[in-house]
Amino acid sequence: MTKLLVKLNNWLTRLRRRRIAPDELLLLIPHCLQIQTCEHNVRGDLTQCQRCGRCPIDGLIALKEKYGVSIELVSGGRKAVAAAKDKKIKGIVAVACGKELAAGLKAVFPKAVVAVMNAQPEGPCVNTTVDIEAVEAAIQSFLKA
């Protein structure tokens with residue numbers, strides 16, 4: 001059911017064809033994307049990432065730099081909702097597990113959100129991954145030409 005909600009939301013958001021400036025777009029990512037064996041804690045500050053490529057954080061920071069969007073690494077739904085409710089944010093690309101995405105979509109409605117589900121090869125909240133190309137496509141779907 002959660003996957004269906006995410007797909008329906010993404011379809012409706014893309015159908016609205018909302019175009020915004022890069023500084024109005026927020027890329028929300030979960031802390032569980034950072035590999036657990038990393039010595040650098042990026043939870044408080046993404047600039048601490050050494051860009052080693054062992055986890056998806058490097059690729060997501062590269063997308064931030066390429067498109068000029070805001071990025072926020074969050075440790076839970078409440079922090080994600082707080083970041084999303086910023087008045088200057090007009091669109092959100094959210095990466096998370098299905099359960100968190102479903103709750104977040106409801107919490108920030110009517111803001112435009114494209115949700116990208118992460119993969120959990122080692123179980124929930126442990127060394128999760130995300131398709132960087134899917135995140136990039138979501139970013140591109142929002143940005144003005």
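**View 1. Asparagine 118 in the loop between strand S4 and helix H5 of the predicted model.** In this predicted model, asparagine 118 is found in the loop that runs between strand S4 (112-117) and helix H5 (132-142). With a relative accessibility of 10%, asparagine 118 counts as buried, because the cut-off for that class is under 20% relative accessible area. Its side chain is joined to that of threonine 128 by a polar contact of 3.4 Å. Leaving aside neighbours within four places in sequence, the residues in contact with asparagine 118 are Pro30, Cys32, Val95, Ala96, Cys97, Thr128 and Thr129.

**View 2. Asparagine 127 and its backbone in the loop between S4 and H5.** Asparagine 127 also has its place in the loop between S4 and H5, and it is buried, with a relative accessible area of 15%. Most residues other than glycine have a negative phi. Asparagine 127, although not a glycine, has a positive phi of about 45 degrees.

View 3. Glutamine 34 lies in the loop between strand S1 (25-30) and helix H2 (57-67), where it is buried, with a relative accessible area of 11%. The phi of arginine 51 is positive, at about 60 degrees, although the residue is not a glycine.

View 4. Most peptide bonds are trans. The bond from phenylalanine 109 to proline 110, however, is cis, with omega near 15 degrees. Proline 110 is found in the loop between helix H4 (98-108) and S4.

**View 5. The start of helix H5 and its buried residues.** At the start of H5, a side-chain oxygen of aspartate 131 reaches to within 3.0 Å of the backbone nitrogen of glutamate 133. Further along, the buried residues of the helix are Val135, Glu136, Ala138, Ile139, Ser141 and Phe142. An α-helix has 3.6 residues a turn, so residues three or four places apart point the same way. The cover over the buried residues of H5 includes helix H1 (2-16), S1, H2, strand S3 (91-96) and S4.

**View 6. Serine 141 within helix H5.** Serine 141 lies in helix H5 and counts as buried, at 18% relative accessibility. Leaving aside neighbours within four places in sequence, serine 141 is in contact with Arg14, Arg18, Arg19 and Val114. Serine 141 and valine 93, which are 48 residues apart in sequence, are 9.8 Å apart in space from C-alpha to C-alpha.

**View 7. The setting of the close-ups in the whole protein.** The secondary structure comes to 5 helices and 4 strands, which follow one another along the sequence in the pattern α-β-α-β-α-β-α-β-α. For 145 residues a compact globule would have a radius of gyration near 15 Å, and the protein, with 14 Å, agrees with this. Of the 145 residues, 43% count as buried, and among contacts between residues at least 6 apart in sequence, 68% join residues at least 24 apart.

How values were computed:
Residues are numbered from 1 along each chain as its sequence is written. This is a predicted model: local features need pLDDT of at least 70, side-chain atom pairs count only at pLDDT 80 or more; totals for chains, interfaces and linings use all residues. Side-chain values use heavy atoms; hydrogens and water are left out. Helices (H or I, at least four residues) and strands (E, at least two) are DSSP runs, numbered from the N terminus. The radius of gyration is taken over C-alpha atoms; the globule rule is 2.2 Å times the number of residues to the power 0.38. Buried means under 20% relative accessible area, exposed over 50%, partly exposed in between (1.4 Å probe, protein chains only). Contact means heavy atoms within 4.5 Å. A polar contact is a pair of N or O atoms within 3.5 Å; within protein, one must be able to donate a hydrogen and the other to accept it, and residues adjacent in sequence count only if both atoms are side-chain atoms.
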